[in-house]
Amino acid sequence: ERLLLLDEPVSGLDPRVTAEMYNLIESLNREGVAIIMISHDLAAAMRYASHILYLGDDVFFGPADDFPQSSAGHRFGRLSGGDHHV
């Protein structure tokens, strides 16, 4: 089994290169590479990740699809002023 650890892999990238990076990460994952990624881009995490670990005033760990309905997801949506369903 292969594992790739990434810390803010799209930080500082323009939108086109960011999309290319996420496509590369997604391709590696489809090829069987397990990926653990630290990111502040919650919308992208909800789109690409199978699971989310969110650490803040509320803590969440579980399937990415469950995050928006969690107390952490609701709190994050209120604090950021938007709806983060992707």
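Which residues make a nonpolar surface patch of about 480 Å²? The answer is Leu53, Leu55, Val59 and Phe61. Patch members have over 30% relative accessible area and no salt bridge, and nonpolar side chains (Val, Leu, Ile, Met, Phe, Trp, Tyr) are joined within 5 Å, like charges within 9 Å; the areas come from the Shrake-Rupley method with a 1.4 Å probe, with only the protein chains shown counting as cover for residues.

Before going on, a word on the model: it is predicted, with local features needing pLDDT of at least 70 and side-chain atom pairs pLDDT 80 or more, while totals for chains, interfaces and linings use all residues. Residues are numbered from 1 along each chain as its sequence is written, and side-chain values use heavy atoms, leaving out hydrogens and water.

Strands β3 and β4 (59-63) each supply at least two residues of the patch; helices (H or I, at least four residues) and strands (E, at least two) are DSSP runs, numbered from the N terminus. Valine 59, in β4, is exposed at 59% relative accessible area (exposed is over 50%, buried under 20%, partly exposed in between, with a 1.4 Å probe and protein chains only).

Glutamate 20 pairs with arginine 16, their closest N and O atoms 2.8 Å apart. Arginine 30 pairs with glutamate 26, at 3.9 Å. Glutamate 20 and arginine 16 sit 4 residues apart in α1, about one turn of the helix, and arginine 30 and glutamate 26 are likewise 4 residues apart in α1.

Definitions and conventions
Salt bridge = Lys/Arg side-chain N within 4 Å of Asp/Glu carboxyl O.
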